[in-house]
Amino acid sequence: MLATAIQQLLNAAQLGAVYALIALGYTMVYGTIRLINFAHGDIFMLGGFIGFLLVAIIPGLPVAAMIPLAMLLTAMIGVLIERVAYRKLRNAQRMSLVITALGVGIFLENLVRILVGPQARQIPAQLPNKVLRLANGVVITEDKLLVILISLSLMVILWIFVNKTLLGTAMRAVADNRDAVQLMGVNLNLIIATTFAVGSALAAAGGIFFGQAYSIDPYMGIDLGWKAFIAAVIGGIGSIEGAVIGSFLLAGVEVLTVAYLSSNLKNGIAFGLLIILLLIRPNGIMGRAALKKV
Amino acid sequence: MKKSVWLLSALSVLVCLTGCQDKGVKIGVSAPISGDIAALGQSTKNAVLLAQEEINAKGGITIGGTKQKVTFIIEDDENKPEAAATVFQKLINQDKVAAIIGSQSSKCSNAGAPIAEAAGIPQISPWSTNPNVTKDKRFVFRACFIDPFQGKAVAGFARGKMKAGTAAVLYDVASDYNKGIAEVFRNEFTKAGGKIVGFETYNTNDKDFSAQLSKIKGAAPDVLFLPNYFNDVPLQVQQARKLGMTCKFIGSDGWDNQELIKMGGKDMEGTYFSNHYSPDVDRPASKKFIASYAKKYNTQVDAAAALTYDSVYLLVNAMEKAGKLDSKAIRDALAGTKNFDGVTGVITYNGSGDPIKGAVMIRVENGKFVFDSAVN
């Protein structure tokens with residue numbers, strides 16, 4: 001009984017780690033330019049495919065090199081997307097930006113479908129994946145443990161970057177008041193590009209972990225993107241800690257619903273609870289209400 | 001004035017281009033060329049194009065004494081019911097096809113069947129095993145057995161040869177086929193004296209089944225039934241094994257595609273599933289098809305390809321027997337098919353759109369699908 005419960009919590013931790021890596025991108029982009037980047041789930045998918053292609057093109061590429069390389073490439077694509085699709089619209093109506101983002105997402109899905117094909121694929125297992133037997137019949141595979149640990153360390157690095165570095169300070173300043181920051185001589189384009197780069201790189205890491213543990217296909221970003229976005233909203237969109245908390249919370253509720261109620265009710269109960277939570281705290285767990293300018 | 005003359009003549013050329021070449025037989029195909037079971041759409045396309053080549057090499061279909069070339073119009077339904085409905089509408093209204101082959105998954109065939117029925121265009125689904133597809137319809141047929149038969153076969157196999165006392169089921173609740181056969185299995189397995197200890201669901205496109213599997217692991221079944229498609233099953237079996245589950249795995253005809261082994265690898269060894277046919281069965285019709293398919297596409301035949309090929313020839317056979325391209329006459333000829341010698345077995349229709357035919361159980365062994373036993 002207890003063993004099954006612990007097993008389920010480990011399952012939730014892995015799922016939550018993947019959600020968090022995507023949710024961080026949503027929250028960072030929203031924080032800086034108030035854009036809900038609906039293409040972000042597809043950037044996650046793209047990251048997975050870049051990892052897959054890297055392994056296919058360079059056989060024997062060690063995983064320790066593949067992950068950073070794929071993160072770098074995806075970061076560059078993220079910056080390119082911002083430059084091509086979003087920058088011109090930065091001061092346009094919010095609606096135009098959202099529609100462009102949706103368009104970019106559909107474009108990426110179809111691009112990958114044409115280039116790589118529609119079949120689901122698995123990134124060949126590169127992380128060590130021995131099954132570790134813990135006490136009481138609880139098991140965890142090494143790759144699952146690694147995914148959780150690597151994700152958590154990426155999150156810590158991000159937190160340090162945003163809170164302790166000059167560039168991070170500038171990002172937070174842009175989030176606070178974009179116009180004032182520009183008046184202070186900060187290069188707004190550089191800051192926003194950095195935001196996209198970091199968000200895309202984290203999503204790529206998520207995509208690779210996902211592709212290793214499960215499988216990747218051109219449309220996988222849609223469902224997971226929605227879930228991560230919702231996790232970011234629960235946590236309080238714009239807040240980095242919130243995105244992480246929201247992700248683990250959502251994964252936890254989903255897994256526990258399956259474990260103790262019914263798998264039929266998974267999405268229904270998970271999202272029902274979220275609606276209730278948002279009724280109580282409209283800005284999310286870590287969010288704060290926007291100050292009204294008088 | 002001048003402009004409109006140009007436009008008119010251009011239009012008339014267009015009309016002529018589409019209308020003038022109206023000679024020949026047009027048959028529509030609705031297949032999952034993209035989407036979650038795209039590998040199966042490829043098999044469908046392969047089988048149809050092979051048949052088209054063979055038929056036209058012989059001069060075409062003999063209709064009322066004259067030979068007419070056949071053209072298959074293959075459309076992508078993305079394995080989504082709403083897309084399948086659009087494809088059926090397009091094939092019937094724009095392309096004016098004489099009949100439709102497809103779709104493959106039950107949920108898509110279910111979306112297309114009412115449209116074909118209303119238009120009075122004969123439809124043959126090669127691979128849709130859900131009973132609702134043909135229910136209460138005169139123009140809708142299939143080339144495969146139905147799930148109540150298949151579910152009973154699998155449940156009997158699990159109780160008999162696998163000696164399972166307890167079983168659990170994990171299935172896609174958003175798909176007609178998966179849901180239908182999961183329920184049949186539950187009833188049949190219980191009826192045969194077994195006990196169902198877990199009945200878990202997921203949604204199409206889910207990739208993480210560890211929560212459901214952990215729950216099933218707690219119930220420790222002898223056998224886990226996975227009536228799902230080949231794209232999900234390897235993930236389910238892999239995740240179950242990673243959780244340290246030691247039960248046996250059994251599945252249904254949705255497993256039959258090489259992708260199952262490509263993705264699942266050695267984790268799939270020793271699993272069983274029910275299928276429409278096996279390449280190992282010694283039948284001249286099968287041997288000939290398997291050889292020409294392998295030669296043309298350099299890959300193994302799966303059941304969907306074999307059933308699609310059978311559907312094409314069932315239809316051609318009916319058209320030749322009807323002697324005219326009248327949809328009602330084709331329908332009647334199809335319904336009267338007796339002892340048709342197909343790749344997947346001998347097919348006879350008996351008053352409904354469901355043929356009378358048997359099933360086989362397949363074992364995964366050394367990365368190959370191996371014939372285990374036949375069920376009638």
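Modeller: Let us begin with a definition: an angle over 145 degrees between two axes counts as roughly antiparallel. Please keep in mind that this is a predicted model.

Biologist: How is a pair of packed helices described in general, and at what angle do H5(A) and H10(A) pack?

Modeller: Two packed helices are described by the angle between their axes and the distance between the axes. For H5(A) and H10(A), the angle is about 160° and the axes lie 10 Å apart. H5(A) and H10(A) are therefore roughly antiparallel to each other. The crossing in which H5(A) passes H10(A) is left-handed.

Biologist: Which residues of H5(A) and H10(A) meet?

Modeller: From H5(A) come Leu152(A), Met155(A), Leu158(A), Trp159(A) and Val162(A), and from H10(A) come Ile240(A), Glu241(A), Val244(A) and Phe248(A). Sorted by class, this contact of H5(A) with H10(A) holds eight nonpolar residues, no polar ones and one charged residue.

Biologist: What are the angle and the axis distance for H2(A) and H8(A)?

Modeller: Helix H2 of chain A, residues 40-57, packs against H8(A) at an angle of about 60°, and the axes are 7 Å apart. That angle makes H2(A) oblique to H8(A). The crossing of H2(A) and H8(A) is right-handed.

Biologist: Which residues form the contact of H2(A) with H8(A)?

Modeller: H2(A) contributes His40(A), Ile43(A), Phe44(A), Gly47(A), Gly48(A) and Gly51(A). These meet Gly199(A), Ser200(A), Ala203(A), Ala204(A), Gly206(A), Gly207(A), Ile208(A) and Phe210(A) in H8(A). By class, the contact of H2(A) with H8(A) has six nonpolar, eight polar and no charged residues.

Biologist: What lines the second largest cavity?

Modeller: The second largest cavity holds about 60 Å³ of space. Its lining includes Pro118(A), Gln119(A) and Ala120(A), as well as Asp36(B), Phe230(B) and Met263(B). Helix H2 (38-57) and H9 of chain B are the elements that give two or more residues to this lining. By class, the lining of the second largest cavity has seven nonpolar, two polar and two charged residues.

Biologist: How is the second largest pocket to be read, and which residues are the closest to its centre?

Modeller: The second largest pocket contains about 610 Å³ of space. Of the 33 residues that line the second largest pocket, Gln122(A), Gln212(A), Gln238(B), Lys242(B) and Asp267(B) are the closest to its centre. Among the elements that each supply at least two residues of this lining are helix H1 (2-33) and helix H5 (142-164) of chain A, and helix H8 (233-242) of chain B. The lining of the second largest pocket divides into eleven nonpolar, twelve polar and ten charged residues.

Methods: Residues numbered from 1 in each chain as written. Chains lettered and ligands numbered in written order. Predicted model: local features only at pLDDT ≥ 70, side-chain atom pairs only at ≥ 80, totals over all residues. Heavy atoms only, no water. 1 Å grid on protein atoms, 1.4 Å probe; cavity = no way out; pocket = protein on both sides within 12 Å on 5 of 7 lines; lining within 4 Å. Points joined across faces, edges and corners; volume = space filled by probe spheres on them. Helix = DSSP H or I, 4+ residues; strand = E, 2+ residues; numbered from the N terminus. Nonpolar A, V, L, I, M, F, W, Y, C, P; charged D, E, K, R; others polar. Axes fitted to C-alpha atoms, helices over the stretch in contact; angles between N-to-C directions. Parallel < 35°, antiparallel > 145°, perpendicular 65-115°, else oblique. Left-handed = near helix turned anticlockwise from the far one by under 90°. Contact = heavy atoms within 4.5 Å.
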